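Work through the exercises below with the sequence and the model in view. Each task is followed by a solution in steps.

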Amino acid sequence: MRDFDIVGLGEPLIEFNQTRPGHPEFLQGYGGDTSNAIIAAARQGARCAYLTRIGADVFGEQLMQLWRDESVDTRGAMIDPHAHTGLYFVQHGPEGHVFSYMRHGSAASRMNPEDLRHGLVERAAFLHVSGISLAISATACDTVFAAIERARGAGTQVCLDSNLRLRLWPVDRARAILREAMRLADVFLPSMDDMRHLTGHTDAARTLDWIRAAGAPGVIVLKLGREGAVLDDGHGRVIVPGLVVDAIDATGAGDCFAGSLLARRAQGDDWGAAVRYANAAAALSTRGFGAVQPLPTAAEVDAFLRA
């Protein structure tokens with residue numbers, strides 16, 4: 001029995017989300033892919049902790065309070081007095097949502113392997129990291145690989161979400177580092193959009209073949225957005241269709257999928273059931289603005305699945 005079901009590592013952010021396209025009206029919320037995923041998992045009943053650095057500023061204080069409110073353990077969230085908490089803006093238009101970041105030199109980008117000395121990684125069933133965690137700085141990248149090494153040594157399963165952001169690094173570097181990380185992961189959660197940039201493929205079967213050929217040894221769940229997901233457990237592939245909802249903002253849908261998937265696995269679901277549950281949770285998360293506020297609770301997901 002581990003102390004935590006899931007420990008996430010990465011960069012939390014303050015979010016300003018445009019509520020009326022074309023108008024300078026923004027709703028403050030919270031973001032950061034792995035932080036979103038951990039909160040989604042906590043709302044499904046998982047025992048979670050988060051590892052990061054935040055600034056000694058009002059935004060850092062707000063994030064710390066958010067995690068406490070969501071029952072996320074904050075012993076691995078370090079306060080850096082020499083750097084700021086990152087933030088971003090979301091604008092909505094005909095082509096979907098557009099992100100603008102103010103994260104250069106953020107506290108989270110100053111993470112280093114020494115920050116893992118608390119030993120929380122070794123006390124979890126799952127470690128959740130992402131391409132963003134790898135991309136924000138060289139020391140953050142080193143910290144992710146150090147956490148993966150600790151996890152593998154302790155029997156903690158590693159979950160990697162591709163979350164490719166080409167504003168953070170060139171595609172060749174992203175491809176090389178993500179390939180190495182996916183070879184060390186027990187669970188890989190790529191999106192079709194991300195893999196199109198990395199592989200050049202536009203269909204799910206060829207994309208999954210590429211991932212396997214690149215050395216990914218574990219379970220792969222290819223996220224297809226509103227079309228659902230494809231589960232490849234190493235023995236076969238199963239398509240899980242998307243679910244129709246009145247979507248407003250998909251900012252945190254992929255993160256909700258990741259956190260909900262790991263929560264259900266930690267609670268004993270098989271992979272098929274966990275993917276179906278995560279698919280429903282992600283659909284529900286698109287019904288409000290922001291990455292965190294619309295994340296559903298377990299009761300809401302259960303009611304949606306029953307209906």
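**Exercise 1.** Find the side-chain partner of Asn17 in a polar contact, and describe the setting of Asn17.

Solution. Step one: the side chains of Asn17 and Asp249 form a polar contact at 2.9 Å (a pair of N or O atoms within 3.5 Å; within protein, one must be able to donate a hydrogen and the other to accept it, and residues adjacent in sequence count only if both atoms are side-chain atoms). This is a predicted model, where local features need pLDDT of at least 70, side-chain atom pairs count only at pLDDT 80 or more, and totals for chains, interfaces and linings use all residues. Residues are numbered from 1 along each chain as its sequence is written, and side-chain values use heavy atoms, with hydrogens and water left out.

Step two: Asn17 sits in strand E2 (residues 13-18), strands being DSSP runs of at least two residues (E) and helices of at least four (H or I), numbered from the N terminus.

Step three: Asn17 has a relative accessible area of 0%, so Asn17 is buried (under 20%, with a 1.4 Å probe and protein chains only).

Step four: leaving out residues up to four places away in sequence, the residues that Asn17 touches include Phe26, His92, Asp249 and Phe289 (contact: heavy atoms within 4.5 Å).

Methods. Buried means under 20% relative accessible area, exposed over 50%, partly exposed in between (1.4 Å probe, protein chains only).
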